[in-house]
Amino acid sequence: MGDFLTQNNEKQQEQKRVDFVINEVNTQLKDTKEQLDIAFKERRKVESSYGDTAKVNTFEVDDQMETNAAIQQQKQLVALTVESETILENKEKSLNLLKNTPYFGRIDINEDGEKESLYIGTSSLIGDDGDFLVYDWRAPISSLYYKGTLGHASYRTPTGHLATVDLLKKRQFKIENGEITKMFDTNETVGDEMLQDVLSENSDTHLKNIVASVQHQQNKIIRDTSSDILVVQGVAGSGKTSAILQRIAYLLYHSRSEINADQIILFSPNHLFSHYISEVLPSLGEKNMRQVTLFDFLMKRHEGFRIESLFDRFERDQHNFPKAAKEIRQFKESLNLYEELQDYLKRTPSDTLAFNDLILNGEIVISREEILKIYQQTPQKLVLSERFRQTKNNLIELLKKRVADHAKSAAVEEQVENLSDSDFHYYHEHFISDDKTVDEERDILNYQLAKEDYQSLYDAIYNDLFIDNYQTYLQFLKQVNLSSVSKEAFDEMIISVDQDIENHFLRVDDAIAILYLRDLLTGSGQNFAIKHLFIDEMQDYSPLFMAYIRHCFPKAKLTLLGDYKQNIFSSYEQDTNTYNQIPDIFKNESKTYIELNTSYRCSKQITDFAKKLLDKNDHIESFSRQGPQPKTHFLTQSAHDMTHYVKLINHQLDQYPMVAVITKTQQQAERLYHKLKARIDVNLLTQESRSLKKGVCILPIYLAKGLEFDSVIVDNVSKENYPQQSDRDILYTIASRAMHELNLVVQTQLPTFLNTQKA
Ligand SMILES: Nc1ncnc2c1ncn2[C@@H]1O[C@H](COP(=O)(O)OP(=O)(O)OP(=O)(O)O)[C@@H](O)[C@H]1O
């Protein structure tokens, strides 16, 4: 009873403080809004007078100079007003976040005999008297909340000095709409009670931030600023995605002046996922980073080609994936291919390199033979990219000569004759100075028009389109000797790649290899501006792609995360997966490895079930949250059984806002959707889907990657549908999408690997 009273009293005290802080937030919000209003008016004023200045007569030279100086000054003024407006807007955003939940944690410390209580929230709040009412969770001192248990603890001060304190108390709050709904004191890093509470909530259409309950290992990922390559292997639901999003917020805070969100790229598995995670950073007061999928990345770089997505490839593999095809794919995805490519390009006689004719209006202006000759005339001792640079320069010179010839042609003469008055004035104004004679004027005009005729050829040379990477790739393949595959099978593959190219279509592995080949040849394709690159679900990317990504973003620090057990797309076996090859891919770079072994997403019962699908050696810990046991339902697709299927779905829907029926393939998802849609409101998700909705959705597993649902129904877990041992990875991935409840629908018999365990 005494305890209860003390607790109640403490809660009242804390609530008083919350009220006080919210009051301060509201006052500051009001001030900020007023200042924003002033800043906005100020900017409008400066901008409109900037316009007036620009209109000043620029006829006289002196006036012109004066005007330029004035314009520069005005430009600076506009930049300053925009900057102060942005600062105020950011402040307003942070205050709005603090308005309902000003903080989530408190630590009491004794530092050099001085006791202090610090409150921790999504951003800092400084009161009238200059005191910190709330500390940003990313401030150095806030790290005490995440890493230490009570007693001695240390943190690095902004000056780099290691400060030691006595951590006396750690308290967690759940504050909703200004009211403390829960409050726990804890000695754990972040106590189980709070975590239990967060994890027992229902799933949502968007991932939430985990700022209040980051766990010790996750904290290491978030606060690592020194590794060049940070590699995270984490079991399904262990918070990898959550941790990297927090990490991005952390990096942005600590390097505000050096990094902005545009210099951070996240490779995400699909657009559904991109949308699913898009609210985490804004909820922490930060701008979202750039997101790209592998498919988009390749499409952008192979203009005019259709690319097979990983999803289409997965569907195709379900129908036919012979052993030879698997061997060839493994080769095309491997670092060996990179080495062979390099080697080939070094030793290959130049006449096996393929070039494109430069064609204008159906006529060859520079033929591929001419280009080859130019290339062959460059010094052999130079590196390839340098030979290409010289070839390119020489081609431009040659084109200039062709332009000069063209300028004298009757066609151009005629164009000049037929110029309209306004075009004539335009050329005069832009290209011909007053001191030219009539003949000179004519020559310049002819040359300019001839140059414009040839502009597309300049662009083609500039963009390296005179090289035929696709044919060069075929030439390369023709000399590969892959001992594990018969010559017939390999030749067949080359014919099929040739046909694909003819049809302007590329398979993923070819698309990546061709990009690498292109960049090795031309020395292009690198982006030095990107500072951080994150790859989620790294197990989906081949070693070759990883090496290529390093080539593309040479200055970026990499954070690679994944779970090699959720191995759906790759043709690799466990011991040759991308994760194991990281030391070979990033040979001379420093790497830090972190493992996350606890699944926070699933109830203990679901994690225990999923665990049995994996090897004994795979280490997964379940979090202690309890839920119902996974259940098996034997249902065919007869009308009678479909009624039971619908009942099962409805029953889940009565209990949970988000229910997913997960199939193995898109085709199965579509078939099931058509059977169910007349009886129940369901939402079919496809590659084109961009967002999740509450209710019931049907989707194939590869679209459910990275997502989670309150309840998952696994469709058709039958031995015909999951015949192989490797299908265990797919079932593991499906099962681990479920937070609270898992149901398996079996049409015939359970797969052999599941038969030995009762669901
Ligand atoms: N420290 C934490 N506090 C609260 N919730 C957490 C924490 N860590 C993870 N979670 C929750 O666990 C769930 C899984 O997290 P997340 O999606 O980041 O895991 P993941 O490792 O990326 O999973 P997957 O490999 O399946 O994509 C999310 O609901 C997330 O909010």
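Reply: M194 counts as buried because 21 C-beta neighbours lie inside 10 Å of it; the cut-off for buried is 20 or more. Keep in mind that this model is predicted.

Where does M194 sit? It lies in helix 4, which covers residues 192-199. Now look at its contacts. Set aside the neighbours within four places in sequence, and M194 is in contact with Q172, F184 and S213. Along the sequence, M194 and A212 are 18 residues apart. In space, their C-alpha atoms are 8.8 Å apart.

Next, the nonpolar cores. In soluble globular proteins, nonpolar side chains tend to be buried together. Here, the largest nonpolar core has 147 residues. Which of them touch the most other members? They are A660 and A735. Helix 21, residues 508-522, gives this core its largest share, 9 residues.

Go back to A660. Leave out residues up to four places away in sequence. A660 then touches C697, L699, A704, F709, V712 and R737.

Helix 20 runs over residues 487-502, 16 residues in total. From first C-alpha to last, helix 20 reaches 23 Å. That is close to the 22 Å expected at 1.5 Å a residue. What follows helix 20? H504 does, and its phi is positive, near 55°.

Terms used. Residues numbered from 1 in each chain as written. Predicted model: local features only at pLDDT ≥ 70, side-chain atom pairs only at ≥ 80, totals over all residues. Helix = DSSP H or I, 4+ residues; strand = E, 2+ residues; numbered from the N terminus. Buried ≥ 20, exposed ≤ 12 C-beta atoms within 10 Å, placed from the backbone. Contact = placed C-beta atoms within 7 Å. Expected span 1.5 Å × (residues − 1). Core = buried A, V, L, I, M, F, W, Y, C linked by C-beta atoms within 7 Å.
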